[in-house]
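Here are a few friendly notes to read alongside the model. Take them in order, and keep the 3D view open as you go.

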Amino acid sequence: MFGEFRQKVKTVAKSEHLTYAQIAEKAGIKESTVKSFMCGATDSRRIAEKIADVLNVKLIYNNGEYNIEH
C-alpha cells in the first residue's frame with residue numbers, strides 16, 4: 001500500500017539531508033514510529049501524512065497505492 005511512497009520518502013529525505021530522527025522530531029512523533037513505518041511494520045495513513053507534511057510533499061492515493069507529489 002505504501003511501498004512507492006516509502007521509496008520516494010527515502011529519496012526526498014536523502015536529498016534534504018534529513019534523518020528519521022529529524023523527521024520524527026519535526027512531525028511530533030517518535031523516531032521508532034517513523035522507523036516502523038519506513039520498514040513496513042506498520043501502514044498508518046496518519047503517520048504517512050505527518051511524514052509528507054515534514055517533507056513538504058502531497059500524499060496522493062491512486063489505484064490502491066499511496067504516492068507523493070513533490
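1. Two residues are in contact when they have heavy atoms within 4.5 Å. Helices (H or I, at least four residues) and strands (E, at least two) are DSSP runs, numbered from the N terminus. This is a predicted model, in which local features need pLDDT of at least 70 and side-chain atom pairs count only at pLDDT 80 or more, while totals for chains, interfaces and linings use all residues. Residues are numbered from 1 along each chain as its sequence is written, and side-chain values use heavy atoms, with hydrogens and water left out.

2. Let's begin with helix α3. Which of its residues are buried (under 20% relative accessible area, with exposed over 50% and partly exposed in between; 1.4 Å probe, protein chains only)? They are V34, F37 and M38. Viewed down the axis of α3, these buried residues fall within an arc of 95 degrees (taken from the directions from the helix axis to the C-beta atoms), so they line one face of the helix. An α-helix has 3.6 residues a turn, so residues three or four places apart point the same way. The cover over the buried residues of α3 includes α1, α2 (20-27) and α4. Just after α3, G40 has a positive phi of about 90 degrees.

3. Now for the rings. Rings of Phe, Tyr and Trp (its six-membered ring) pair if their centres lie within 6.5 Å; planes under 30 degrees apart are stacked, over 60 edge-to-face, and the rest tilted. The count by this rule is five aromatic pairs. In one of them, F2 and F5 have ring centres 6.1 Å apart and planes at 65 degrees, so this pair is edge-to-face. F2 also pairs with Y66, and here the rings are stacked, 4.4 Å centre to centre with 10 degrees between the planes. That pair links distant parts of the chain: F2 is in the segment before α1 (3-15), and Y66 is in strand β2 (residues 65-69), 64 residues apart. F2 and Y66 are both buried. Ring pairs join F2, F5, F37, Y61 and Y66 into a cluster.

4. S44, in the loop between α3 (31-38) and α4 (45-54), touches F2 and F37, not counting residues up to four places away in sequence. S44 is buried, with a relative accessible area of 18%.

5. Finally, find A27 in helix α2. A27 counts as buried at 13% relative accessibility.
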